[in-house]
Amino acid sequence: MMADRVARGVTDLLAPQVLVIAVPPAVGLLAQGWAGAVWGLVASALCGGVPAAVIAAGVRSGRLDSHHIVDRSRRAGPLLAAVAGVLAALVLLAWLGAPRLLLAAVTAMLAALAVTVPVTLRWKISFHAAVCAGTIVVLAYVLPAVPVLLAGAAVVALVCWARVRLAHHTPAQVAAGTAVGALVTWATLSAFGVH
């Protein structure tokens, strides 16, 4: 069906690993020009590249069902790799003096993982929704907030629809992911005093 094809396309295009790899250089570029984009590439490599490589290896070996890790019981290893990658990025970026906004965004990733990882061990919260919602909040800090939040709400709703349409999540799981991603990211950026 066409709706299923659209849902699969949305799920792939706006997957957590895609956003975590693509967004930091864009945020860095918008915040501090080309130097910021380079800092963003460092964050992308560690925060997104490390877990993406672990997931790809798991899919190739047959340990994981897909790069979306539909089977919740298989998420622990890739999530630990994500936590390790984000921690490594945070330490390296802080040590090298990366821009404050990028440090805040990476800290928000770590804070969101601190909430979602324990939850997903018992209940299948949507990482797609959490990462998408968090991404919109970060983009609202570097672009005009109102249009970004309005357009972003539509994008998050589309992601949530796609995850439910494919029967990978329930409405409650995508709602919880959205709330965690948006609130944790907003609280972290606010704590950093990012404006």
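This is a predicted model: local features need pLDDT of at least 70, side-chain atom pairs count only at pLDDT 80 or more; totals for chains, interfaces and linings use all residues.
1. Start with α1 (residues 2-13) and α6 (residues 145-165): the two helices pack at about 120°, and their axes lie 8 Å apart. Angles of 65 to 115 degrees count as roughly perpendicular and those over 145 as roughly antiparallel, so this pair is oblique. The crossing of α1 past α6 is left-handed.

2. Who makes that contact? On the α1 side you'll find Ala3, Asp4, Val6, Ala7, Val10 and Thr11, and on the α6 side Leu158, Val159, Trp161, Ala162, Arg163 and Arg165. Sorted by class, the α1 and α6 contact has eight nonpolar residues, one polar and three charged.

3. The largest cavity holds about 680 Å³. Its lining runs to 37 residues, with Pro16, Val20, Leu113, Phe127 and Val131 nearest the centre.

4. Helices α2 (16-61), α3 (76-96), α4 (100-120) and α5 (127-142) each put at least two residues into the lining of the largest cavity. The top contributor there is α2, with 12 residues. By class, the lining of the largest cavity splits into 25 nonpolar, 10 polar and two charged residues.

5. The second largest cavity has about 40 Å³ of space. Val27, Gly28, Ala31, Gln32, Gly36, Pro99, Leu101 and Leu102 form its lining. Both α2 and α4 supply at least two residues to the second largest cavity, and α2 gives the most, with five. Its lining has five nonpolar residues, three polar and no charged ones.

Key
Residues are numbered from 1 along each chain as its sequence is written. Side-chain values use heavy atoms; hydrogens and water are left out. Axes are lines fitted to C-alpha atoms, for helices over the stretch in contact, and angles run from 0 to 180 degrees between N-to-C directions. Helices (H or I, at least four residues) and strands (E, at least two) are DSSP runs, numbered from the N terminus. Angles under 35 degrees count as roughly parallel, over 145 as roughly antiparallel, 65 to 115 as roughly perpendicular and the rest as oblique. A crossing is left-handed if the near helix is turned anticlockwise from the far one by less than a right angle, and right-handed if clockwise. Contact means heavy atoms within 4.5 Å. Ala, Val, Leu, Ile, Met, Phe, Trp, Tyr, Cys and Pro count as nonpolar, Asp, Glu, Lys and Arg as charged, and the others, Gly among them, as polar. On a 1 Å grid over the protein atoms alone, a cavity is a set of points where a 1.4 Å probe fits but cannot get out, and a pocket is an open set with protein on both sides within 12 Å along at least five of seven lines; lining residues have an atom within 4 Å of a point. Grid points are joined across faces, edges and corners, and a volume is the space filled by probe spheres set on the points.
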